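Subject: Handing over a structure, with notes

Dear colleague,

I am passing this structure on to you, and the notes below it are meant for someone who is opening it for the first time. Please read them with the model in view.

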Amino acid sequence: MCQNHGVAYIKPGVVEVQSIEYPKLAIGDRKCHHGVILQIVSTNICGSDQHMVRGRTTAPAGLVLGHEITGLVIEAGRDVEFIKEGDLVSVPFNIACGRCRNCKVGQTGICLNVNPARPGAAYGYVDMGGWVGGQAEYVMVPYADFNLLKFPDKDQAMAKIRDLTLLSDIFPTGYHGAVTAGVGPGSIVYVAGAGPVGLACAASCHLLGAAVVIVGDMIPERLAQAKSFGCETIDLRKDTPLADQIAEIIGVPEVDSAVDCVGFEAHGHGSDAGKEQPATVLNAAMTVTRAGGAIGIPGLYVTGDPGASTEAAKEGNLSIRIGLGWAKSHSFYTGQCPVMKYHRQLMNAILYDKIQIAKAVNVEVISLDKAPQGYQDFDKGAAKKFVIDPHGLIPN
């Protein structure tokens, strides 16, 4: 039996690489004939993981982390028909059965059959069904024929693996934020947050034909990364109101679309930049988005936040100025990205050189044993997307 190691959440601020059980084709005591076992080629650290590691969720100690997975099929269950051993595949972070009413209409982020607690499931994430995470050497993936995206040419895929590894979550999520905000040719867009999802969203806005993409953040290195591929930037530590800073760039204080790539750990702007104000981004987005515009919200919001600064926020109740959004006839789109809606098209955009998404988000490949340091560096605001290579398979 092969050994397996994975990144486990221990307590707030602490993760460790531990020896974990080698995966079985089973769900509890039941055989999983529709699943496969993957040797993981790449698995990424996500900003969503950081919420757990910071102690901002109810994640239990010992949870094996990781929902951004690319791997090589080394064992397939009896009922897997179309995915074969040896295939190199991208794993959507959404676990979906392909059978329920939501899956059948493409809403794979809220599958009804893979999480007994609520709609939707993911690998290695709190309240998302108890599935073992993929920041490991090996992992089991259920409903393989439905969930997995096979790369058509393994050698071609490995040559672009730094880009293709982002198909499991960050690239589709950023793209989803842009699409749901109505971004298209000639759009002027404000993207809140220059972390990996914000950078992926900004790159997606360019791919969709936006005329101006404005990215706001408080970390100079992240703003510099956004500027490196053609974005305008706004330093949210400045006291100048966001609308006025937008006007300095485009001449008017409003945009066609806004995308919240920050989520519930948002801080205030200007003199309040050091204070957590979880509704800041949503309220700012309503302020600067034109009447009739749309706001995409791929940034994570939770129903339970034990580290919140107020009792209301601990239950996900935020002081959102919904009257402003109503008066301006804004459209809002929330929730997990349904990765399968986009990943094949985005794969082709990568393979045919229409986008260099790894360059945009500044991918850095690290070994599995370096994952704890990667978490620390990410938490300090590093302008990087850390990709874990457990087996040393990614070419230099």
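A residue is called buried when its relative accessible area is under 20%, exposed when it is over 50%, and partly exposed in between, with a 1.4 Å probe and protein chains only. Helices (H or I, at least four residues) and strands (E, at least two) are DSSP runs, numbered from the N terminus. Please keep in mind that this is a predicted model, in which local features need pLDDT of at least 70 and side-chain atom pairs count only at pLDDT 80 or more, while totals for chains, interfaces and linings use all residues. Residues are numbered from 1 along each chain as its sequence is written, and side-chain values use heavy atoms, with hydrogens and water left out.

Helix H10

Helix H10, residues 280-288, is mostly covered, since eight of its nine residues are buried. Those buried residues are Thr280, Val281, Leu282, Asn283, Ala284, Ala285, Met286 and Val288. Their cover includes strands S10 (188-192), S13 (255-260), S14 (289-297) and S15 (331-334), together with helices H9 (242-250) and H12 (322-327).

Aromatic pairs

Rings of Phe, Tyr and Trp (its six-membered ring) are taken as a pair if their centres lie within 6.5 Å, and planes under 30 degrees apart count as stacked, over 60 as edge-to-face and the rest as tilted. The structure holds two aromatic pairs. In one of them, the ring centres of Tyr22 and Tyr138 are 5.1 Å apart and the planes stand at 55 degrees, so this pair is tilted. The pair links distant parts of the chain, with Tyr22 in the loop between strand S2 (14-20) and strand S3 (26-27) and Tyr138 in strand S8 (residues 138-141), 116 residues apart. Both Tyr22 and Tyr138 are buried. Tyr175 and Tyr342 form an edge-to-face pair, 5.3 Å from centre to centre and with 70 degrees between the planes. Tyr175 belongs to helix H6 (residues 170-180) and Tyr342 to the loop between S15 and helix H13 (343-351), so the pair ties together parts that are 167 residues apart in sequence. Tyr175 and Tyr342 are both buried as well.

The second largest pocket

On a 1 Å grid over the protein atoms alone, a pocket is an open set of points, where a 1.4 Å probe fits, with protein on both sides within 12 Å along at least five of seven lines, and lining residues have an atom within 4 Å of a point. Grid points are joined across faces, edges and corners, and a volume is the space filled by probe spheres set on the points. The second largest pocket has a volume of about 430 Å³. It is lined by 17 residues, of which Pro23, Lys24, Ala26, Val132 and Met140 are the closest to its centre. S3 and S8 each supply at least two residues of this lining, and the largest share, three residues, comes from S8. By class, the lining has twelve nonpolar, three polar and two charged residues, where Ala, Val, Leu, Ile, Met, Phe, Trp, Tyr, Cys and Pro count as nonpolar, Asp, Glu, Lys and Arg as charged, and the others, Gly among them, as polar.

Tyr143, in the loop between S8 and helix H3 (144-147), has a positive phi of about 45 degrees although it is not a glycine. With a relative accessible area of 12%, Tyr143 is buried. Ser329, in the loop between H12 and S15, also has a positive phi, near 55 degrees, in a residue other than glycine. Ser329 counts as exposed, at 52% relative accessibility.

Contact, in what follows, means heavy atoms within 4.5 Å. Asp305 lies in the loop between S14 and helix H11 (311-314) and, at 3% relative accessibility, counts as buried. Leaving aside its neighbours within four places in sequence, Asp305 is in contact with Arg56, Phe264, Ala313 and Lys314. Ala59, in the loop between helix H1 (47-53) and strand S6 (69-76), counts as buried at 11% relative accessibility. With neighbours within four places in sequence again left out, Ala59 is in contact with Tyr9, Met52 and Val126.

With best wishes
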